[in-house]
Each structure stands twice: as structure tokens, then as C-alpha cells.
Amino acid sequence: MSIGLPLALQEFLTQLSFLALCAFVNRLGLTASSGYGVASKIVNFAMLIPCALMQSMASFVAQNVGAGNQKRAKQSMLTGIGVGLVFGCAVFALVMLKGDVLAGIFSPDAEVVQKGFEYLKGFAPEAILTAILFSMLGYFDGNDKTLWVMAQGLIQTLLVRLPFAYVMSIQPNASLTKIGLAAPVSTLVGVILNVGFYLYLDRKGKRVQRAD
């Protein structure tokens, strides 16, 4: 319960944030809302690989931590980031160059396709950043740091993603591209937070080893 509840709460609030994001997009009209819906389908596919890496990372790291092999657990995180970046860069290039073609799979309406492409252009850097973030989160989950995972997720969602998307949605020249940027901006904040936390844990672990 102590491990699972923070993760469940984070996921619940994350899904609520996406509902709020839909409300912000609806300010731009029906076509924009439909384009966002099309883009969301592509985003769901793009996130499958980093999500799979995060889940497998948590199990693999937990096994190695339990066996007392912390070095291998850290190596697995770096390997996961590397694998994720390969796929993330490929997805980024595909979305930026052929996002309209991808959106056209889900809608025959040219305006909806264009709006979907607009959102994807703002979202595209997320494919690269999540390769780093999700592997780190899997590493922390495997190390029983789920409270930290929840805390950084709430900071990203409530203090960065939603405020950023809201501010972008009320601008006179509001666009789906600017709203789409809310995801990579919040993820970049998450990467910075998690790198800092990782360095903190690493230094703490070295101090404990020297004390022993």
C-alpha cells in the first residue's frame, strides 16, 4: 500500500490534468478540439515505448536492488535512457516531418488534420524528454522512492503543465502548438528535478559506504 498508493494518486491526478487540458483546447473551437483528439491518439502510441521502459525498469531495478547489486541497477537506468532516446528521436523526426500524414490516418478532414499537426509540432520534443524521464522514474520506483515519484509528478502537473497550457490558451494568438508545448516544458522540469534527486541519492549512498 505504501508503495502503490502514491503511484495511484499520481496517475489519477495526471488523468484529471488531461481533462483540464481538453477544456483549455475547447476554447479554440470545435476544429481545434477535433484536431487535439486526433493528435491525442498519436501521442498515446508515441508514449507506449517510454511507458514500457519505465515499467520494465522498475521490475529490473527492484530485483537488482534486492540482490544488493546497486551498480547494475544504475547501469540499467542508463541503458534504458539510451534505448529510449533512439526510439524517441525517431518518433520526434516522424512527428515533425510527417505529423500531418499520421493525423490523416484518423481523420479525412483537412482542417482537423492541420490542427492535429499543429499540436503535434508543439508536443514533439516530449518524445525525446520522456526517454530520459520515464527511465529515471522506473529506477526510482524500483528503489522504493514512490513518494518522490508522486511529488515530482504533482509539481510537473499542477505547477507547470496546467498553468502553462492555461496561459497559452488565453493568449490573443493562442494556438495548439503553444498549448502542446506544455507537455515538453513540464517534462523538462521533471528531468531537472530527477537528475538533482539522483545526484542527491548517489552522494548519500557514497557517504554511507565511506562510513561503513
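The model is predicted: local features need pLDDT of at least 70, side-chain atom pairs count only at pLDDT 80 or more, and totals for chains, interfaces and linings use all residues. Residues are numbered from 1 along each chain as its sequence is written, and side-chain values use heavy atoms, with hydrogens and water left out. Helices (H or I, at least four residues) are DSSP runs, numbered from the N terminus.

**Aromatic rings**

- The whole structure holds eight aromatic pairs. Rings of Phe, Tyr and Trp (its six-membered ring) pair if their centres lie within 6.5 Å; planes under 30 degrees apart count as stacked, over 60 as edge-to-face and the rest as tilted.
- Tyr-119 and Phe-123 form a stacked pair, because their ring centres are 6.2 Å apart and their planes lie at 20 degrees.
- These two residues are four apart in helix 5 (residues 110-123), so about one helical turn separates Tyr-119 from Phe-123.
- Both Tyr-119 and Phe-123 are buried (under 20% relative accessible area; exposed is over 50%, partly exposed in between, with a 1.4 Å probe and protein chains only).
- A cluster linked by ring pairs takes in Tyr-139, Phe-140, Trp-148, Phe-197, Tyr-198 and Tyr-200.
- Lys-121 has its charged end over the ring of Phe-117, 5.0 Å from the ring centre. The criterion is NZ of Lys or CZ of Arg within 6 Å of the ring centre and within 35 degrees of the ring normal.

**Helix 4 against helix 5**

- Helix 4 (residues 70-104) packs on helix 5 at about 145 degrees, with the axes 8 Å apart. Axes are lines fitted to C-alpha atoms, for helices over the stretch in contact, and angles run from 0 to 180 degrees between N-to-C directions.
- The crossing of helix 4 and helix 5 is right-handed (the near helix is turned clockwise from the far one by less than a right angle; anticlockwise is left-handed).
- Helix 4 brings Val-95, Met-96, Gly-99, Asp-100, Ala-103 and Gly-104; helix 5 meets them with Val-113, Phe-117, Leu-120 and Lys-121.
- This contact of helix 4 with helix 5 has six nonpolar, two polar and two charged residues. Ala, Val, Leu, Ile, Met, Phe, Trp, Tyr, Cys and Pro count as nonpolar, Asp, Glu, Lys and Arg as charged, and the others, Gly among them, as polar.

**Helix 6 against helix 7**

- The axes of helix 6 (residues 126-142) and helix 7 (residues 146-169) come within 8 Å and cross at roughly 145 degrees.
- Here the crossing is left-handed.
- Leu-133, Leu-137, Phe-140 and Asp-141 of helix 6 meet Thr-146, Trp-148, Val-149, Gln-152 and Gln-156 of helix 7.
- The contact of helix 6 with helix 7 has five nonpolar, three polar and one charged residues.

**Single residues**

- Leu-176 lies in helix 8 (residues 176-180). Leu-176 is buried, at a relative accessible area of 1%.
- Beyond four places in sequence, Leu-176 contacts (heavy atoms within 4.5 Å) Val-25, Leu-28, Ala-32, Tyr-36, Lys-115, Glu-118 and Tyr-119.
- Leu-176 and Lys-121 are 55 residues apart along the chain, yet their C-alpha atoms are separated by 8.8 Å.
- Gln-152 sits in helix 7 and counts as buried, at 1% relative accessibility. Residues it touches beyond four places in sequence include Gln-10, Gly-190, Leu-193 and Asn-194.
- Asp-144 is in the loop between helix 6 and helix 7, and is partly exposed at 48% relative accessible area.
- Phi of Asp-144 is positive, near 65 degrees. Most residues other than glycine have a negative phi.
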